[in-house]
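Dear colleague,

Please find below the structure that I am handing over to you.

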Amino acid sequence: MASGIRRLTAAAEGLPIQVTVRGSGTPVLLLPGATGMPFGYAPLIRLLSRKCGLVTYDRRGHGHSAVEGDEPVSVTDHARDAEAVLTALDEGPVHIVGSSAGALIGLETLIRCPQRVGTVLAHEPPAVPLLDDAERWQTWYADIVGINRALSTRAAFDYFFAHVLSDGTGEQAAIGVPDSQLPEWDVYLRRELTGIVTHPLSPDALRAVREQIVPALGADSRERWHGRVVTELSRMVDRPALEVPGGHLAPTYQPVPFAEAVSRAFAL
C-alpha cells in the first residue's frame, strides 16, 4: 500500500462508495460511531495514518454515500457495504477499529466475511439486546427518535448527548454540533438508530470468530449501559476487555491513548 493519500470506489449493491486510504503499512478500516462521518475523529485519523494504511469511507446514507428516500438502513446493510470496501481494497486481512455503531457494524462484518478481516477492536458497540434490561434502553432510544420526529433534530441531539459520558475526566462532555451537520444526524435518527439498538448479534456466530475480537471498554463507562454491553460481550466470547481512558467518546476526547491502544491491539 503506497504512502500518502489514495482513493478508490467500492461497488456496494449499486451504490458507489468513495474510499480514502491514508498512510502506508498494515491496512486498518476505521468505522466511526453515530453517522459514520469523520466529525470529531480528525485527530485520531491523523495519529493512526502515521502508523498504518488507514481506510475510511462515508457510510451508506451519508456524505458522498447519500441515498434518496426514507427506507431504514440496517446494520446488515452497513456490514455488506463494509465487506464491499474490503473487497475493493484487495489487501488481504484488514483490521477493523470501530466505536459505538461502527463497532457493531465491524462485528457484523467479521461474522459475514471472517477471511477478509484480521482483528476487530470493538469499542462499546450499542448491542442493546445483550443486556438484561434491553427493553428499557430500546425505549429510551425510541424516545430520541420521537423527539427528532416531533420537535427537531437539534432537540434530539441535545437530549441524546446529555446522557453520554464522558470527556475522559469523569465529567459530562460538552458537545456541540453546527447546524450544517444536523441533516446527517436527521438521517441517522430517522433511518438507522432503531435498527442499530435492536440488532441481534448471534452469540454462536460471535463465538465462531472469538479469536478475532478485542472488546474495548472506556474506563469511565463501566457502570453505564454501553460499558455493561462490553462486559457481556467479553464474557460471551471469553475474551478479556481492553480498557482505554475516557468513556463512550474516547476516540474524540482521548485520541492519543486510544490510538496507542489500537496500535498495541494490532501490533502496528
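This is a predicted model: local features need pLDDT of at least 70, side-chain atom pairs count only at pLDDT 80 or more; totals for chains, interfaces and linings use all residues.

Residues are numbered from 1 along each chain as its sequence is written, and side-chain values use heavy atoms, with hydrogens and water left out.

**The chain as a whole**

The secondary structure comes to 10 helices and eight strands. Helices (H or I, at least four residues) and strands (E, at least two) are DSSP runs, numbered from the N terminus. Along the principal axes, the C-alpha atoms fill a box of roughly 45 × 40 × 35 Å.

Of the 268 residues, 55% are buried. Here buried means under 20% relative accessible area, exposed means over 50%, and partly exposed lies in between (1.4 Å probe, protein chains only). The chain exposes about 11100 Å², and carbon and sulfur atoms supply 51% of that area. The areas come from the Shrake-Rupley method with a 1.4 Å probe; for residues, only the protein chains shown count as cover.

Contact means heavy atoms within 4.5 Å. Among contacts between residues at least 6 apart in sequence, 74% join residues at least 24 apart.

As to charge, Lys and Arg count as positive and Asp and Glu as negative, while His and the chain ends are not counted. The place of a charge is taken as NZ of Lys, CZ of Arg, CG of Asp or CD of Glu. The mean positions of the 24 positive and 31 negative charges are 5 Å apart.

**The nonpolar cores**

In soluble globular proteins, nonpolar side chains tend to be buried together. A nonpolar core is here a set of buried Ala, Val, Leu, Ile, Met, Phe, Trp, Tyr and Cys residues joined through side-chain atoms within 4.5 Å. The largest such core has 63 residues, and Leu29, Val85 and Tyr188 have the most contacts inside it. A second, separate core has 19 residues, including Leu30, Tyr41, Ala250 and Phe266.

Leaving aside neighbours within four places in sequence, Val85 is in contact with Ala10, Ile17, Val19, Leu29, Val55 and Tyr57.

**Residues in helices**

His78 is found in helix H2 (residues 75-89). It is buried, with a relative accessible area of 1%. Apart from neighbours within four places in sequence, the contacts of His78 are Tyr57, Arg59, Arg60, Val73, Ile105 and Glu192.

Gly146 belongs to helix H4 (residues 134-150) and is buried, at a relative accessible area of 17%. Its C-alpha atom is separated by 9.1 Å from that of Leu189, 43 residues away along the chain.

Ala42 lies in helix H1 (residues 42-49) and counts as partly exposed, at 37% relative accessibility. Ala42 and Asn148 are 106 residues apart in sequence and 27 Å apart in space, C-alpha to C-alpha.

Ile5 is found in strand S1. It is exposed, with a relative accessible area of 54%. Leaving aside neighbours within four places in sequence, Ile5 is in contact with Thr20, Val21 and Arg22.

Glu13 lies in the loop between strand S1 (5-12) and strand S2 (15-22). Although it is not a glycine, Glu13 has a positive phi of about 50 degrees. Glu13 is exposed, at a relative accessible area of 58%.

Asp90 is in the loop between H2 and strand S5 (94-99). Asp90, also not a glycine, has a positive phi of about 50 degrees, and it is exposed, with a relative accessible area of 65%.

Asp238 occupies the loop between helix H8 (225-237) and strand S8 (242-244) and is exposed, at 57% relative accessible area. The C-alpha atoms of Asp238 and Arg210, 28 residues apart along the chain, are separated by 7.5 Å.

With kind regards
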